[in-house]
Amino acid sequence: MPRLSDSMEEGTILRWLRADGDDVRRGDELVEIETDKATMTYEADQDGVLRIVAAEGATLAIGEVIASIGEGGGPNGGDPATAAAPAEAPAPVVEEPEAPVAGLAGEHGAATATTQDAPIPPMPAAPPPPPPAAAPQPGERLKASPVARRIAREQGVDLAALSGSGPGGRIVKADVQAAVTPGAGPAPPSSEPTAAPAPPPPAAAPADVATAKGEVRVQELTRTQQVIARRMAEAKATVPEFTLEAEIDMDAAVRAREELKEMAGEGAVVPSYNDMIVKASALALREFPRANAAYRDGHFELFSRVNVGVAVAGEGSLVVPVVFDADAKPLGAIAREARALAARVREGSITPPELSGGTFTVSNLGMYGISNFTAVINPPQAAILAVGALVERPVVRDGSVVPGHVMPVTLACDHRILYGAEAAEFLARLRALLEHPAALAL
């Protein structure tokens, strides 16, 4: 499993683009992998015969073997079960395969030489399906997919009593379901009849709950949703935050945008109010380095680049693509880049580099009519700006009540690095830039 992003710890194989036993060439697309940030296509890094070890839907940690590439499938004949296990039974259990594994492990492009001196039989023309898994030896890790483990835990099924039908004898979802409902698929070994389905009393409890709440549909989280859940829980549990609220007079910004729309040519991208907020935030961050920093392991990290993340609602998740060096880019360039990034998020083609490296985040729910909200800080960033709806309402100017455009904002700050007075000065500078939008051109 290759490392495809900085924060990636494991990946899920969505779809193999080539079949087991195919001859592949360097650069051929092999597999679609879902990471914590996006779905990526991984390419072969050498020529050879592809031998698939991990099945579609499997979730594996970084560095675990998902396939091998080599001449004729490698010294072990391309048998995935052989490639992923030691050659002799008495040998201690090892995690890394002894067969040369090509590619599919991002930092390791070259194949490693086998440690076995004995001759290895040639590979058959069409490898047979993997045999049922033998009972695990003491100390040996039971091979089962995460979904299979969850279902077995809920239904009280002993995984050690099952035979895996997946690659290399891996226990998959169908094997556990067959143990719960005999005849639905591969059955567990008959030598342990007492360890199969759970007794009736525990099974009756979920039925009672389902009756009270109606039919319950369990939906598994995607890798992105899992990471969002984990990071948001960590943020609320570990970041001592405080919030500051302000209202910004947007009359000048509204007039400026109307002028830009009149001046823009046919098909030109006109900066939105959110683009103005991104630019103003970037300029203010340049003046207040602690707002463009992070608290990590007892010290401050001050960043030289100002990279503003923009929260975008993706397919069933929240994704934050990054506008790099936003303080140095013209407003028009930010507008074009932000639209392109949002389009790639909705298409599912955004890449991990475009989601990494943010130093500050803007989250805007104004288009949904939300007046005020507090966004959750994206660790290890020092702050996040929540933007509400721009509305027209009565305001007082020079002692008179006149119509005006007002936009509320809320700044959530990590109190370990950004203190109240400095955060207030940062927010005041942001407000001044938006109330005098000509400054955004500087």
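Me: Which residues touch the most other members of the largest nonpolar core?
Reply: Val308, Phe360, Leu385, Leu411 and Leu434 do, in a core of 51 residues. A nonpolar core is a set of buried Ala, Val, Leu, Ile, Met, Phe, Trp, Tyr and Cys residues joined through side-chain atoms within 4.5 Å. Buried means under 20% relative accessible area, exposed over 50%, and partly exposed in between, with a 1.4 Å probe and protein chains only.

Me: Which elements give two or more residues to this core?
Reply: Among them are strand E8 (241–249), helix H7 (273–287), helix H8 (331–347) and helix H9 (420–435). Helices (H or I, at least four residues) and strands (E, at least two) are DSSP runs, numbered from the N terminus.

Me: Which one gives the most?
Reply: H7, with eight residues.

Me: Where do these numbers come from?
Reply: This is a predicted model, in which local features need pLDDT of at least 70 and side-chain atom pairs count only at pLDDT 80 or more, while totals for chains, interfaces and linings use all residues. Residues are numbered from 1 along each chain as its sequence is written, and side-chain values use heavy atoms, with hydrogens and water left out.

Me: Back to Leu434. What does Leu434 touch?
Reply: Not counting residues up to four places away in sequence, Leu434 touches Ile248, Asp249, Met250, Ala253, Met276, Ile277, Ala280 and Met407. Contact means heavy atoms within 4.5 Å.

Me: New topic: how do the axes of H2 and H3 cross?
Reply: The axes of H2 (residues 146–155) and H3 (residues 173–180) come within 8 Å and cross at roughly 20°. Axes are lines fitted to C-alpha atoms, for helices over the stretch in contact, and angles run from 0 to 180 degrees between N-to-C directions. H2 and H3 are therefore roughly parallel to each other; angles under 35 degrees count as roughly parallel, over 145 as roughly antiparallel, 65 to 115 as roughly perpendicular and the rest as oblique.

Me: Which residues make the contact?
Reply: H2 brings Val147, Ala148, Ile151, Ala152 and Gln155, and H3 brings Lys173, Val176, Gln177 and Val180.

Me: Which residues of H2 are buried?
Reply: Ala148, Arg150, Ile151 and Ala152. The buried residues of H2 pack against H3.

Me: What happens just after H2?
Reply: Gly156 takes a positive phi of about 70° there.

Me: And where is Leu142?
Reply: Leu142 sits in the loop between helix H1 (80–83) and H2. Leu142 is partly exposed, with a relative accessible area of 22%. Leu142 and Leu159 are 17 residues apart in sequence and 8.0 Å apart in space, C-alpha to C-alpha.
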